[in-house]
Amino acid sequence: MKIYWKDSLNFVRKLTLRRALNIVLVFASYWITRWLKRPVQWGLPITVSIEPTTACNLRCPECPSGLRAFTRETGNLREDFFRKTIDEIHRELSYLIFYFQGEPYINPKFLDMVKYANAKKIYTITSTNGHFLSSENARKTIESGLDRLIISVDGTTQETYEQYRVGGTLENVLQGARNVVRWKKQLGSSTPHIIFQFLVVRPNEHQIPEIHRLAREIGVDEVQLKTAQVYDYQQGNPLIPTIDRYARYRENPDGTWSFKNALANHCWKLWHACVITWDGLVVPCCFDKDAKHRLGDLKQTSFRELWQAEPYQQFRQKLLRGRSEIDICTNCTEGL
């Protein structure tokens, strides 16, 4: 696996002794949990994902935001709530992901919040569909201090791209990437580390070599090939790739499909990470897209109290008993 030293060094430079100690505590409690088979939780999350908005300009077929299929409340993250939350947890927090559902750049205060987190010396990441990276937004992105920018490019021709990114325009995305690269050079900035994320599905799998070529031409730092989660896979799905290494599912002798990898009854994510929705709900991970497994509400309690409270510990214990007991955990390999 290729190591991107500049990006890695940038992350390490933001580590403090307190954050490093928190990482050690979280790792230790996770491995003690696996040994004892009961939840032990020390420290605070190493990483938190926070949701800038639930709104999106696209209609991707496997995304509840794109499908407008949420049953929970939708809206934009408020800057005052964000600052209050960061003020509570920033001393232990190593990196912050500005993404859950929706398109982050739709929130007009998004880059102001990135700048606030950067001032606290937190490593910051966001993921975007790339349609809002105008020259002005690209410059503001550099000036915000964002450390890593993931741009979803799920096809190298418009015809292929729009099969998944419904309503999107590939050229707008590529021009947005060029804008960020240009302003990064113009401002003499080493950040953000720019990634083209390519969600490998059957319609685009033949374009993998081409996405690497495009990234080199534009000046993008890295390409990440990502496997796709699909909801209706038991009878097969036209999105499942034919290239086995990029498929989460396999076909059985009877013609049905099942999850390819064995799912163990433990999950690193429940110990080192969590997700905060735009309105302050805390959920276990990014697979709980509709926030059905609500472990607390930051409008009512502090994060420190919530992280160690009974609902969180019960959820961790439930996972240790059997991943099959939790719906969001049966179609996931992320936490292993």
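Contacts, packing and charge pairs

Modeller: Leaving aside residues up to four places away in sequence, S49 touches I97, Y99, C274, V275 and I276, where contact means heavy atoms within 4.5 Å. This is a predicted model, in which local features need pLDDT of at least 70 and side-chain atom pairs count only at pLDDT 80 or more, while totals for chains, interfaces and linings use all residues. Residues are numbered from 1 along each chain as its sequence is written, and side-chain values use heavy atoms, with hydrogens and water left out.

S49 itself belongs to strand β1, residues 47-50; here helices (H or I, at least four residues) and strands (E, at least two) are DSSP runs numbered from the N terminus. With a relative accessible area of 13%, S49 is buried, a word that stands for under 20%, whereas exposed stands for over 50% and partly exposed for what lies in between, all with a 1.4 Å probe and protein chains only. In the loop between α2 (17-36) and β1 sits K37, which has a positive phi of about 60° although it is not a glycine; at 63% relative accessibility, K37 counts as exposed.

The helices can be followed from α4 (110-119). Two packed helices are described by the angle between their axes and the distance between the axes. α4 and helix α5 (residues 135-144) pack with axes 9 Å apart and an angle of about 20°, the axes being lines fitted to C-alpha atoms, for helices over the stretch in contact, and the angles running from 0 to 180 degrees between N-to-C directions. That angle makes α4 roughly parallel to α5, since angles under 35 degrees count as roughly parallel, those over 145 as roughly antiparallel, those from 65 to 115 as roughly perpendicular and the rest as oblique. From α4, the residues L111, V114, K115 and N118 make the contact with N137, K140, T141, E143 and S144 of α5. These contact residues divide into 2 nonpolar, 4 polar and 3 charged, with Ala, Val, Leu, Ile, Met, Phe, Trp, Tyr, Cys and Pro counted as nonpolar, Asp, Glu, Lys and Arg as charged, and the others, Gly among them, as polar.

α5 also meets α7: their axes come within 8 Å and cross at roughly 50°, which makes α5 oblique to α7. α5 passes α7 in a right-handed crossing, and here S135, A138, R139 and I142 of α5 meet N179, V180, R182, W183 and K184 of α7. This contact divides into 4 nonpolar, 2 polar and 3 charged residues. K185, in helix α7 (residues 170-186), is exposed with a relative accessible area of 67%; the C-alpha atoms of K185 and I142, 43 residues apart along the chain, are separated by 9.9 Å. The loop between α7 and β5 (193-200) holds P192, and the peptide bond from T191 to P192 is cis, with omega near 0°.

Turning to charge, side chains of opposite charge can pair when their charged atoms come close. The structure holds 19 salt bridges, each being a side-chain nitrogen of Lys or Arg within 4 Å of a carboxyl oxygen of Asp or Glu. E79, R83, K109 and D112 are linked in a network of such bridges. Within it, E79 pairs with R83 at 3.3 Å, N to O; the two are 4 residues apart in helix α3 (residues 79-89), and are therefore separated by about one helical turn. R83 is partly exposed, at a relative accessible area of 33%. E79 also meets K109 in a salt bridge of 4.0 Å, N to O. This pair links distant parts of the chain, as E79 lies in helix α3 and K109, 30 residues apart from it, in the loop between β2 (95-98) and α4. K109 is partly exposed as well, with a relative accessible area of 40%.

Definitions and conventions
A crossing is left-handed if the near helix is turned anticlockwise from the far one by less than a right angle, and right-handed if clockwise.
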